[in-house]
Structures are given as structure tokens and as C-alpha cells.
Amino acid sequence: MRAAPLFLLTVWLSADFGLSARSSSCSYSPARWCSSEESAIQCGVVKQCLEANLTRSLHTDEPVRLELYYETLCPGCRGYLTQMLFPTWSMLQDILEVTLVPYGNAHETVVGQKYNFTCQHGEQECLGNMIETCLLNMAKSTAFQIIYCMESSTDVVHSAKSCVELYQPDLSWESIQSCVDGDQGNQLMHQNAMKTASLKPPHDYVPWVTINGEHTDELQKKAMDALMALVCTTYKGYKPEACGYGQSRRYKNYCHAE
């Protein structure tokens with residue numbers, strides 16, 4: 001959240017005079033609690049939003065850029081995204097910029113005026129990749145939360161609609177379905193295919209991680225073993241408090257390209 005001075009002053013006065021609403025009356029998803037003065041007051045998180053805004057103002061250096069190349073039904077990808085990447089981003093999002101590229105070990109062919117995709121784990125994975133690709137384009141502020149919700153569930157594809165309703169209820173499922181079934185989704189997935197194909201060195205498994213545009217075996221190992229420590233040491237600016245709380249966990253489950 002980047003709040004204007006007027007917003008900060010108004011929210012501060014509201015908090016000072018006890019005008020914050022109870023969280024039970026909150027109609028906003030957690031990802032949007034600090035999106036405006038109204039949402040912060042209604043959801044009873046005025047103090048937290050002010051503190052978050054103050055903390056973010058200290059982080060003036062460029063954030064660490066992490067790109068994750070993955071596929072939606074790869075067990076190693078799901079484990080890494082839900083158990084390592086998302087929790088780290090949740091605590092370090094002021095200094096960590098994440099880009100998700102759902103494609104992985106898929107293959108692309110041209111059929112007429114469109115692209116056809118085949119995926120390592122079958123048609124359901126291609127559908128999951130397409131849904132998440134459309135979400136990244138249509139739900140920019142909540143896409144990561146929705147995708148985390150999907151990847152954490154027992155059924156990635158069938159949970160998509162309920163995850164959207166939970167994190168961005170104003171985004172209609174029909175609009176997402178239109179993207180998935182139409183030219184927009186086809187072109188967006190083609191972009192993922194091209195971006196994945198342009199990796200240097202080329203990927204030979206997923207999850208595949210780049211840090212500030214670079215991939216090495218050492219960076220991959222650090223990203224898989226202790227991502228929080230990697231982000232905190234890579235970031236050159238003021239370290240957030242969470243950098244003192246990192247714990248190492250290892251993820252070695254890959255889906256190798258066939």
C-alpha cells in the first residue's frame with residue numbers, strides 16, 4: 001500500500017478517536033484491507049496499515065526480483081510455492097518482487113491461428129496453467145493469494161472458482177472463463193512459453209528459480225533451502241524486521257523435463 005499523506009492523516013485521526021470499525025463488519029478480502037482509508041477503517045486494521053506504510057517507506061532500494069517457472073500439478077512446484085515462496089513473500093513483500101510463470105515443461109505447437117499446448121501432467125495441468133495465467137493478468141493485486149489458495153487445495157483446478165470468490169469476489173468467474181477459453185488466454189500462454197524458452201541457461205526441471213534475472217546451481221539451492229535468508233542477504237537496503245526470523249527448510253522435489 002502506498003498511502004497519500006491525506007490518507008495517513010485521516011486514518012490516524014480516525015484511529016485516535018476510536019472510529020475504526022470492528023473486523024466483523026469488514027467486507028474486503030484480507031489482501032485489500034489496506035487498499036484505502038475506507039477498507040482500513042471498516043476492517044479495524046488502521047494501526048497495522050499505518051505501520052506497514054511507514055515500514056515500506058524505508059525500503060527505497062530496488063526489491064529482489066524472483067521469477068518462478070513452474071507447472072500447476074507438479075508436486076515439487078506446489079510444495080515450493082505454498083510452503084516456501086508464499087510464506088516468504090508474505091513476510092518480505094516490501095523487498096521481494098515475485099513473478100510467476102505457469103508453463104514449466106509444457107510444449108507448444110501452432111494449429112491454424114492458435115497455439116496448442118501439451119503438459120507434463122495432462123490436460124488438467126494445461127487447464128490449471130491457463131487459469132493461473134489469466135488470473136495473473138486479471139487479478140494483479142490478489143493473483144498470488146488466489147494461486148496460493150488453489151495450489152494448497154486437494155484439487156487445483158476445481159478450487160479455482162472458490163479461491164477467486166474468497167480473495168476477489170468482485171472478479172466474475174465468467175470473465176476468467178472467457179479468458180481461459182478465448183484468444184486472450186491463448187496469447188498469454190504463448191508469452192509464457194516464449195519466456196520459458198528464452199531462459200539462459202535453459203531449464204531442465206521445475207520449479208526453476210531466477211534471482212534478479214540470474215540462475216545458477218548455487219542460487220537455486222539457496223532458493224530451495226532457505227529463501228528468506230537469500231532474499232534478506234541479497235537486498236541491499238534497510239532490512240525488514242522479518243529478516244531476523246528466517247528458518248531453513250529444504251525442497252528437493254523436481255519435475256524434470258522429458
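Modeller: Before we start, a residue is called buried when its relative accessible area is under 20%, and please keep in mind that what we are looking at is a predicted model.

Colleague: With that in mind, how many of the residues of E2 are buried?

Modeller: Strand E2, which covers 96-102, is mostly covered. Counting its seven residues against that cut-off, the number that are buried is five.

Colleague: In which sense do E1 and E2 pair, parallel or antiparallel?

Modeller: Strand E1 takes in residues 64-70, and seven bridges join E1 and E2. The chain crosses from E1 through H4 to E2 in a β-α-β crossover that is right-handed. The sense in which E1 and E2 pair is parallel.

Colleague: Which residue is the bridge partner of Leu66 in E6?

Modeller: E1 also pairs with E6, here in the antiparallel sense and over four bridges. In strand E6, Trp208 and Thr210 point one way while Val209 and Ile211 point the other way, and all of these are buried. The bridge partner of Leu66 in E6 is Ile211.

Colleague: Turning to the aromatic rings, what is the centre to centre distance of the pair formed by Phe86 and Tyr148?

Modeller: A search of the whole structure finds six aromatic pairs. In the pair of Phe86 and Tyr148 the planes are 10 degrees apart, and since stacked requires under 30 degrees, this pair counts as stacked. Its centre to centre distance is 4.0 Å.

Colleague: How many residues apart in sequence are the parts that this pair ties together?

Modeller: Phe86 lies in helix H4 (residues 75-92), whereas Tyr148 lies in helix H6 (residues 143-152). Phe86 is buried, at a relative accessible area of 12%, but Tyr148, at 26%, is partly exposed.

Colleague: What kind of aromatic pair do Tyr103 and Phe117 form, stacked or edge-to-face?

Modeller: Both Tyr103 and Phe117 are buried, and their ring centres lie 6.3 Å apart. The angle between the planes is 85 degrees, and the cut-off to pass is over 60 degrees, so the pair is edge-to-face.

Colleague: Over which residues does pLDDT stay under 50?

Modeller: The mean pLDDT of the protein chain is 86, and 82% of its residues reach 70 or more. Where pLDDT is low, the predicted coordinates should not be read in detail. The stretch where pLDDT stays under 50 is residues 1-22.

Technical notes
Residues are numbered from 1 along each chain as its sequence is written. This is a predicted model: local features need pLDDT of at least 70, side-chain atom pairs count only at pLDDT 80 or more; totals for chains, interfaces and linings use all residues. Side-chain values use heavy atoms; hydrogens and water are left out. Rings of Phe, Tyr and Trp (its six-membered ring) pair if their centres lie within 6.5 Å; planes under 30 degrees apart count as stacked, over 60 as edge-to-face and the rest as tilted. Helices (H or I, at least four residues) and strands (E, at least two) are DSSP runs, numbered from the N terminus. Buried means under 20% relative accessible area, exposed over 50%, partly exposed in between (1.4 Å probe, protein chains only). Two strands pair if DSSP finds at least two bridges between them. A crossover is right-handed if, with the strands pointing away from the viewer, the path from the first strand over the helix to the second runs clockwise. pLDDT is the predictor's confidence in each residue, from 0 to 100. Contact means heavy atoms within 4.5 Å.
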